[in-house]
Amino acid sequence: MIVLDHLSKTYVGSAGAHEALCDINLHVESGDVFGIIGQSGAGKSTLVRCINLLERPTAGRVLIDGADVTDYSGKQLIDLRQSIGMIFQNFSLFAQRTVLRNVTFPLELHGTPKKQAEARALELLELVGLSGKANNYPSQLSGGQQQRVAIARALASNPKIMLCDEATSALDTLTTHSILGLLRDINKELGVTMVVITHSLSVAEQICNKVAVIEAGSIAEQGKTADVFGNPQSAATRLLIEADQGFACAKGGN
Ligand SMILES: Nc1ncnc2c1ncn2[C@@H]1O[C@H](COP(=O)(O)OP(=O)(O)OP(=O)(O)O)[C@@H](O)[C@H]1O
Ligand SMILES: [Mg+2]
């Protein structure tokens with residue numbers, strides 16, 4: 001369903017050129033929860049932003065359901081972005097809008113009548129367990145609740161794909177668990193294909209059926225989550241596992 005075909009991305013700035021992604025080849029099947037895992041600066045966000053063309057690839061192609069979307073612009077691009085929801089580490093809610101108005105926002109952009117947009121938003125707030133918070137402002141919610149609003153907003157236009165960029169990195173362990181559970185339910189019950197960016201092995205293990213390990217802009221290895229983490233083939237994966245084990249030991253020692 002999502003194919004990245006020989007994808008590369010070079011940023012050019014005043015400091016010169018930086019190759020953030022180099023010859024990436026990935027196949028995400030419909031219904032997958034596909035993890036992209038790697039250290040800070042490895043190119044994870046760049047990769048996921050190439051899928052909805054927030055970043056334009058320098059070379060290679062992005063195919064969605066067989067259609068080459070790489071050069072989409074105008075109405076085609078707007079329609080593509082409607083079909084791909086995205087959530088971020090910092091929730092990115094509109095502070096001046098109520099919870100309800102945050103969720104109706106993408107529907108307003110799409111010209112959905114107000115009553116219909118509100119009904120849909122209330123339905124989604126119920127789905128994410130926030131029915132009682134429709135008239136609150138984001139600042140009146142906990143981090144986990146704010147991420148639930150962001151998830152409801154991402155689902156408003158019925159996307160078939162959801163991109164999650166470090167969606168639980170700002171949350172504590174219990175809240176992370178509940179948000180991952182919600183994402184898993186959305187994948188299973190609504191059939192939304194997910195690409196989950198994370199630097200956390202445990203997040204990938206909890207939710208992803210497949211993972212790709214990315215290091216310095218290249219895919220070090222990819223496959224079923226249990227295979228990649230159970231029998232790592234690359235130094236990059238072994239390093240992530242060791243770092244995770246070291247972190248677990250350090251936590252245990254406290
Ligand atoms: N707009 C930009 N202009 C120039 N370089 C950029 C830009 N965005 C990212 N980069 C560089 O590209 C590389 C990959 O960045 P990216 O944000 O994709 O990493 P990441 O894996 O998401 O890291 P993190 O885990 O810290 O979020 C980094 O070296 C970064 O400095
Ligand atoms: Mg990032």
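These are my notebook entries on a predicted model, taken one region at a time.

**Entry 1: the record**

I began with the annotation. The unreviewed UniProt entry gives "domain: ABC transporter" for residues 2–241. I then looked up that span in the model. Its end C-alpha atoms lie 27 Å apart. The span is 39% helix and 28% strand.

**Entry 2: around ligand 1**

Which residues come nearest to ligand 1? I found Tyr11, Ser40, Lys44, Ser45 and Thr46, out of 13 residues around the ligand.

**Entry 3: the open sheet and Ala67**

I turned to the sheet that holds β1 and β2. This open sheet has four strands, in the order β2-β1-β4-β5, and the pairing is antiparallel. Its edge strands are β2 and β5, since each pairs on one side only.

Strand β4 (residues 59–64) and β5 pair in the antiparallel sense over two bridges. In one of these I found Ile64 with Ala67 of β5 as its bridge partner. Ala67 sits in strand β5, which covers residues 67–68.

Is Ala67 buried or exposed? I counted 11 other C-beta atoms within 10 Å of Ala67, so Ala67 is exposed. The cut-off for exposed is 12 or fewer. I also took a distance from here. Ala67 and Asn136 are 69 residues apart in sequence, and their C-alpha atoms are 41 Å apart in space.

**Entry 4: β6, β7 and β8**

Here I looked at parallel pairing. β6 and β7 pair in the parallel sense over five bridges. Strand β8 (residues 193–198) is joined to β7 by five bridges, and these two also run parallel.

I traced the partners across. Ile87 has Cys164 in β7 as its bridge partner. Cys164 in turn has Val196 in β8 as a bridge partner. I also saw that Met86 stands opposite Leu163 in β7.

How many residues of β7 are buried? Five of the five are, so β7 is largely enclosed by the rest of the structure. I checked which way they point. Ile161, Leu163 and Asp165 point one way, Met162 and Cys164 point the other way, and all are buried.

Four of its five residues are buried, so β6 is largely enclosed by the rest of the structure.

**Entry 5: helix α5**

Then I looked at burial. α5 is mostly covered, with 11 of its 13 residues buried. Among them I listed Gly144, Gln146, Gln147, Arg148 and Val149. Ala150, Ile151, Ala152, Arg153, Ala154 and Leu155 are also buried.

What covers them? I found that the cover includes β6 (84–88) and β7 (161–165). It also includes the helices α3 (99–109), α4 (114–127) and α6 (173–190). So the strands of my last entry turn up again here, because β6 and β7 are part of what covers α5.

**Entry 6: two positive phi values**

I looked for positive phi in residues other than glycine. Ser92 has a phi near 55 degrees. Ser92 is in the loop between β6 and α3. With 14 other C-beta atoms within 10 Å, Ser92 counts as partly exposed.

Glu166 has a phi near 50 degrees, also positive in a residue other than glycine. Glu166 lies in the loop between β7 and α6. I counted 19 other C-beta atoms within 10 Å of Glu166. Buried needs 20 or more, so Glu166 is partly exposed.

Methods: Residues numbered from 1 in each chain as written. Chains lettered and ligands numbered in written order. Predicted model: local features only at pLDDT ≥ 70, side-chain atom pairs only at ≥ 80, totals over all residues. Near = placed C-beta within 6 Å. Contact = placed C-beta atoms within 7 Å. UniProt positions renumbered as here; feature names shortened; annotations may be inferred. Pairing = 2+ DSSP bridges.
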